[in-house]
Amino acid sequence: MNRKYRKTVIAGNWKMYKTPSETKEFMTEFKSIMPKGRWCDVALCVPAVCISAAVRAMRETRVGIGAENCNANASGAYTGEIAANMLLDAGCKYVILGHSERRAMGETNVDVNAKVLAALENGLIPIICVGESLEQREMELTMAHINYQVRAALSGVDAASLRRCVIAYEPIWAIGTGKTATSEQAEEVCREIRAIIRDMYGARAARGVSILYGGSMNAKNAAELLAQPDVDGGLIGGASLKPNDFATIIAATGEANE
Ligand code: PGA
């Protein structure tokens, strides 16, 4: 982390794990133990049906609620889909885009880019996910793959809008597997992402963009990962489902910078 230049962000990704009633329970408990320091931005990205319960519960707090996907179109005949402006109107501040689980369902780089543009146009903060598979890592294609994903996702995004983007490096082999990237591996790729941003937008923009690590980050390993200079926070799956664990990770961002 480097708080002099950029925000620390801890974001939860609930995936398809909680109902609206469970959301309410979580928020009540989390509110009572949530670290009060203002040293990092906290986001909870929840299933679409949980957004309104989450927004209502966290209204008076500094926690921003987010969605896990959006449709790139403003409106239209897209049964079952949700547009970015609907998320904003429902009280969302963030939206996760290009998660590897969605890419595995067929989402392409072109789709991700269209969604990023739609999110920005509607005032949402996109959390843009990139990451290599185990096969790509073993073939030493990690950096080439990340390069392509980052450039594709940000195609047509101007420098002013980039300031509102968050990028998350999530190696696919580390997601939900309990197999975390080492802090060196996480730092190496996050540093490379910053170099790509520098090449695209210049040094100042690169210094200011928050780059998160995601993939089995938990209450135990968070402090070490967050101590890396180019790891500005975390996108947390499993550990964001438990109020205690999520609160501990937020607290770790305080420790890591002291
Ligand atoms: P995990 O998920 O923390 O459960 O590995 C991370 C993610 O998919 O964003």
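Buried means under 20% relative accessible area, exposed over 50%, and partly exposed in between, with a 1.4 Å probe and protein chains only. The model shown is predicted: local features need pLDDT of at least 70, side-chain atom pairs count only at pLDDT 80 or more, and totals for chains, interfaces and linings use all residues. Residues are numbered from 1 along each chain as its sequence is written, and side-chain values use heavy atoms, with hydrogens and water left out.

View 1. Cys190 counts as buried, at 0% relative accessibility. Cys190 takes part in no disulfide (a pair of cysteine sulfur atoms within 2.5 Å), and the nearest cysteine sulfur, that of Cys129, is 12 Å away. Cys40 is also a buried residue, with a relative accessible area of 2%. The closest cysteine sulfur to that of Cys40 belongs to Cys45 and is 14 Å away, too far for a bond. Across the whole structure, the search finds zero disulfides.

**View 2. The largest nonpolar core.** A nonpolar core is a set of buried Ala, Val, Leu, Ile, Met, Phe, Trp, Tyr and Cys residues joined through side-chain atoms within 4.5 Å. The largest one has 70 residues, and Phe30, Leu44, Leu154, Ile193 and Ile197 have the most contacts inside it. Helix H9 (residues 183-201) supplies the largest share of this core, seven residues. Helices (H or I, at least four residues) and strands (E, at least two) are DSSP runs, numbered from the N terminus. A second, separate core of 13 residues includes Ala43, Tyr94, Ile125 and Val166.

View 3. Leu154 sits in the loop between helix H7 (142-153) and helix H8 (159-162), and is buried at 2% relative accessibility. Contact means heavy atoms within 4.5 Å. With neighbours within four places in sequence left aside, the contacts of Leu154 are Asn113, Ile128, Leu162, Cys165, Ile167, Ile197, Met200 and Tyr201. Between Leu154 and Glu132, 22 residues apart in sequence, the C-alpha to C-alpha separation is 18 Å.

**View 4. The largest pocket.** A pocket, on a 1 Å grid over the protein atoms alone, is an open set of points where a 1.4 Å probe fits, with protein on both sides within 12 Å along at least five of seven lines; lining residues have an atom within 4 Å of a point. The largest pocket holds about 450 Å³ of space, where the volume is that filled by probe spheres set on grid points joined across faces, edges and corners. Its lining has 21 residues, with Lys15, Pro47, Glu68, Asn69 and Arg102 nearest the centre.

View 5. Glu68 is in the loop between strand S3 (63-67) and helix H3 (84-89) and counts as buried, at 19% relative accessibility. Apart from neighbours within four places in sequence, Glu68 touches residues including Asn13, Trp14, Lys15, Cys45, Pro47 and Arg102. Glu68 and Arg102 are 34 residues apart in sequence, with C-alpha atoms 9.4 Å apart in space.

View 6. Lys15, in the loop between strand S1 (9-13) and helix H1 (20-33), is not a glycine but has a positive phi near 55°. Lys15 is buried, with a relative accessible area of 16%. Glu140, also not a glycine, has a positive phi of about 60°. Glu140 lies in the loop between helix H6 (134-138) and H7 and is exposed, with a relative accessible area of 72%.
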